[in-house]
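Let's walk through a protein model together and see what can be read from its atoms. Have a look at the sequence and the structure below before you read on.

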Amino acid sequence: MKNRNLFGSFALLLRRRSAGQSPSTTGANPSQVSLAKQASTSMFSNLKKCIKSAFSLVEILIALIIVSVVMAALAPVITKKIKSSGVTIGGGGGSGVPSAGACGMGQYFDMDEQACKHCPEGHFCDGFNKLVCLAGTSTSADGTDKHPLNGQSQCKECADGYYALEASPTCILNTAVGCAEKSKIDNACISCENAEDLLVDGNCVKDVPVYTLLNDSGSDITETDTELTKGDTYWYLKIKSTGTLTFSTVPANVMDVFMVGGGAGGQSYVWGECEQNASGGGSYNILKNIVVQTGIPYPIKIGAGGGVTACTALPSNGGTTSAFGTYSHGGVRDGSHSICPFNDASCDQKYGASGSSSNQIANTGSGGKAAGKGMSGVVIIRGRLGASNVQASTIPSYRFLNDSGSDITHSDVTLSVTNEYWYMKFANSGTLTFGSLPNNFIDVFAVGGGSGGTTYVWGECTEAVSGGGNYNIVKDVAVSIEKSYPVKIGAGSGTVQCTSNRSNGNTSNAFGVFAAGGVYTSDHSICPFGDASCDYKYGVPGTDANQNHNTGNGGTKAKPGMSGAIVIRGKRTIGGSSPTIPTYKFLSTSGTDVTTQYSTLNISGDYWYLKFTNSGSVNFDYLPTNYVDVFTVGGGAGGTTYVWGECSQGVAGGGTYNIVKDTYISAGPTYPINIGGGGSVVACTSKPSNGGASSGFGVHSRGGLKTQSYSLCHFGDSTCTYTYGNTGGNSNQNPNTGNGGAAAKTGMSGTVMIRGKLNGSSSLSEKIPTYTLTDSAGSDITESGSILSVSNTYWYIKFTKTGTLKFNSIKNPTIDVFAVGGGAGGTTYVWGECDEAVSGGGNYNIATNINVVAGDSYPIVIGAGGGTIKCTSTRKTGGASSGFGVSAAGGSGTTAHKVCSFNGTDCSVYYGEKGSNGNQFQNTGNGGTSAYSGMNGTVIIRGAL
């Protein structure tokens with residue numbers, strides 16, 4: 001029985017050997033190793049017994065054969081085990097087996113021949129063993145660099161980008177980008193059978209993509225409707241039919257896309273009326289460095305060529321081509337583009353040319369020749385030969401849903417990259433949600449829809465082109481994952497007859513950034529984010545060469561304007577910790593959360609900026625500092641319409657602005673925000689419709705009137721993207737700027753903006769007082785009726801509403817008081833008697849070193865500005881202001897006082913001035929302008945920090 005078990009163990013070992021399992025002890029069952037050792041020892045012992053026994057000669061021979069086979073199989077196992085255990089094979093007793101290291105350098109001891117042998121290629125030798133080189137290493141052909149005492153280092157490591165299979169004598173070039181470890185072969189370092197294939201993400205892929213194109217019914221049209229070619233630098237994929245494209249493998253996930261719309265159809269001949277005419281080619285579009293994924297279905301739409309029409313009728317326009325979230329409109333009339341794909345210097349066939357006999361090739365987007373239909377459009381994709389994938393961590397993941405909730409992520413959004421930025425362009429309106437972001441700050445570019453062109457009216461006028469949409473750029477807007485951001489693309493307007501006013505384009509907006517639609521022939525011609533160059537510009541007046549979808553370009557002759565665009569970009573690299581910025585919630589007047597729709601948080605230089613574009617209320621959860629600067633601008637006055645024979649259309653004035661620095665706010669309270677609307681359009685024989693007032697954090701700005709212009713950057717910075725409070729003009733019709741209306745255009749709405757220092761400190765909070773202000777009904781009006789600010793060595797509280805003040809705490813109970821009464825009212829025009837006239841500002845008074853007590857009540861009275869009267873009447877005097885026993889009478893007549901609070905030499909606004917269009921700031925006591933009421937007065941107190 002014992003011999004049967006022994007022979008069974010040998011049989012098991014032999015079966016493992018014949019099955020290709022390594023005899024190495026690595027990973028072996030310890031009991032099997034022990035059994036093998038016992039077997040070798042027991043076999044020699046039993047063999048001796050067999051010789052002494054009455055076994056037959058056949059049995060002895062069989063036993064000897066088994067012993068020799070088993071020992072050959074176990075030799076590496078036993079040798080390695082002995083070596084790892086530090087066991088030395090003895091050489092005494094006349095056995096003839098040498099000690100380890102007895103053989104020469106790079107040799108091993110051959111047990112069969114009882115001699116030292118040279119180490120063969122693909123192995124290393126330690127003077128006794130002959131072991132195979134591990135994967136990732138190799139020996140040289142001449143047997144050098146082998147040392148009997150130095151283990152695996154005798155198998156040379158392969159250089160970076162190379163590998164060696166087990167027992168291979170040479171290092172083989174790896175077509176992937178390097179092996180991570182030279183002495184190790186892993187799943188990402190394998191040999192591809194085809195030398196032109198590439199190793200991408202551990203898989204061998206072709207150096208051109210593998211893909212399928214399915215038509216709308218789901219049939220595979222890859223072979224019949226696509227062409228894949230390869231050049232010296234790029235591969236090209238030409239798609240000739242509408243369908244859904246899916247990549248199985250791509251050597252790189254960054255590609256360029258060229259597309260052209262279908263050409264317009266030609267016109268047929270009518271005897272005695274007109275001749276045959278050729279028509280224009282489709283417009284084109286070029287996208288660079290877009291990011292695609294394998295396994296994602298991308299819809300491709302090829303625009304059809306227009307049909308043939310009679311020469312007395314308008315040509316039949318070509319169909320729109322679309323792919324990867326961008327569109328190219330079909331051809332119109334006589335437009336010609338004649339471009340090579342990707343703007344290469346030369347090509348076999350140009351695209352988008354007007355119709356001729358020489359270019360009637362399908363899928364070129366060329367126009368129809370005389371009496372011939374237009375050619376269908378095309379989509380061409382190219383990618384570089386060689387793997388160059390964009391790391392997922394450097395670009396966002398996201399989802400985009402349309403207004404009905406359908407996922408349009410891959411059909412209506414284009415994600416592209418440069419070395420530094422990722423870009424996302426939206427083709428339609430929807431809701432964006434980020435799943436991941438490299439960082440939390442993006443730049444936003446918006447352009448409104450273009451104005452539509454005009455059609456021909458016989459005997460009166462000809463067709464005309466129209467202007468492009470306005471644009472807006474806001475940088476460093478804070479965003480976060482898992483929030484929903486609405487994106488609105490302003491549609492281009494339709495065409496009208498040339499005797500009618502053009503139809504303006506619609507507004508685009510996203511992330512609190514708005515861009516109005518185009519008007520008339522306005523030209524903005526800007527690259528996204530103001531870059532020096534781009535494939536095509538946005539906001540251009542209509543021409544046949546710029547009819548690209550989502551550019552906000554104006555309409556061509558008898559063509560509608562192009563829809564607007566929203567483009568965002570973010571840094572691809574992940575920087576350090578984000579600057580400290582506030583967290584907040586903005587609610588509409590009805591209580592709906594409109595934080596992402598109507599507020600924009602961004603950073604620039606040392607400041608964070610928070611801009612509000614609609615009325616509501618804001619509540620801060622966290623503030624990096626309690627001191628902010630506040631900028632407000634009222635809505636612009638409305639423009640006037642044309643009245644034949646009486647007057648021309650006129651522009652109107654911008655809203656007034658106000659700046660208050662170092663205003664104290666805190667987390668917790670709710671701050672009301674009011675955005676003044678723009679004035680409406682009136683007839684040119686009427687007075688302009690004034691804009692509404694804007695207010696926030698106790699800072700007010702009146703709306704615009706007439707034609708005054710302020711043209712101020714927010715917070716008085718020397719440069720800004722656009723200025724506020726301008727008179728109306730086609731180039732400044734940006735919402736929430738308070739700019740006046742252009743001819744026959746409404747004024748622009750105003751805004752409220754605050755800014756604060758990044759990584760600011762609130763250490764001053766212990767030095768300033770805490771207080772409440774209540775109105776006559778006992779309601780708390782602290783936030784809406786007062787402004788707490790600091791400057792240099794003082795804290796200041798400016799009161800804008802009448803009420804009762806009570807200090808809760810005050811470190812230094814000695815204060816100074818400044819008061820100014822309300823300004824006198826202006827006068828209105830009386831025909832044939834007098835003109836409109838301005839009025840005087842309120843009187844002021846200053847008192848110092850007044851002691852106050854926490855807990856006591858102090859009445860504050862704010863004098864109202866005088867109302868307007870006819871210029872033949874006496875001006876209405878402003879009301880008196882008072883507080884802490886200090887009183888200042890209201891203004892009368894035309895007297896001006898013009899003083900800084902507390903007689904300072906520099907201030908944001910002057911108090912008690914005569915009325916003028918440039919000083920209509922609330923709570924300054926300034927006089928009324930012509931036909932305008934005087935400004936309310938104020939009370940300001942200050943104390944030492």
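Which residues does methionine 424 touch, not counting residues up to four places away in sequence? The list is Pro396, Tyr398, Val413, Thr414, Leu415, Leu432, Phe434, Ile566, Val567 and Ile568. Touching, or being in contact, means having heavy atoms within 4.5 Å.

Before going further, a word on where this comes from. This is a predicted model, so local features need pLDDT of at least 70 and side-chain atom pairs count only at pLDDT 80 or more, while totals for chains, interfaces and linings use all residues. Residues are numbered from 1 along each chain as its sequence is written, and side-chain values use heavy atoms, with hydrogens and water left out.

**The core and the chain**

Met424 belongs to the largest nonpolar core, a set of 31 residues. Such a core is made of buried Ala, Val, Leu, Ile, Met, Phe, Trp, Tyr and Cys residues joined through side-chain atoms within 4.5 Å. Along with Met424, the members that touch the most others are Trp422, Phe426, Leu432, Phe434, Phe511 and Ile568. In soluble globular proteins, nonpolar side chains tend to be buried together.

"Buried" means under 20% relative accessible area, "exposed" means over 50%, and "partly exposed" is in between (1.4 Å probe, protein chains only). The protein chain has 945 residues, and buried ones make up 50% of them. Its secondary structure comes to seven helices and 58 strands. These are DSSP runs, numbered from the N terminus: helices are H or I with at least four residues, strands are E with at least two. Take the contacts between residues at least 6 apart in sequence: 67% of them join residues at least 24 apart.

pLDDT is the predictor's confidence in each residue, from 0 to 100. The chain's mean is 79, and 79% of its residues reach 70 or more. Confidence is lowest in helix 1 (residues 2-18), with a mean of 38, and highest in strand 54 (residues 857-861), at 97. Over residues 140-153 the pLDDT stays under 50, and the model has 28 contacts beyond four places in sequence for them. Residues 172-189 are also below 50, with 45 contacts beyond near neighbours in sequence. Where pLDDT is low, the predicted coordinates should not be read in detail.

**Disulfides**

A search of the whole structure turns up five disulfides, each a pair of cysteine sulfur atoms within 2.5 Å. Here are some of them:

| Cysteine pair | S to S distance | S-S torsion |
|---|---|---|
| Cysteine 527 and cysteine 534 | 2.0 Å | about -80 degrees |
| Cysteine 647 and cysteine 684 | 1.4 Å | about 55 degrees |
| Cysteine 834 and cysteine 871 | 1.3 Å | about 70 degrees |

The torsion for cysteine 527 and cysteine 534 makes that disulfide left-handed. Cysteine 527 is buried at 3% relative accessibility, but cysteine 534 is partly exposed at 30%.

The disulfide of cysteine 647 and cysteine 684 is right-handed. Cysteine 647 sits in the loop between strand 40 (640-641) and strand 41 (657-664), and cysteine 684 in the loop between strand 43 (682-683) and strand 44 (694-696), so the pair ties together parts 37 residues apart in sequence. Both cysteine 647 and cysteine 684 are buried.

The disulfide of cysteine 834 and cysteine 871 is right-handed, and both of its cysteines are buried.

**Strands side by side**

Two strands pair if DSSP finds at least two bridges between them.

Where is threonine 613 found? It lies in the loop between strand 37 (607-612) and strand 38 (616-622). Threonine 613 is buried, at 7% relative accessible area.

Finally, strand 1 (residues 107-110) and strand 2 (residues 115-118) pair in the antiparallel sense over four bridges. They form a hairpin with four residues between them, and glutamine 114 in the turn has a positive phi of about 50 degrees.
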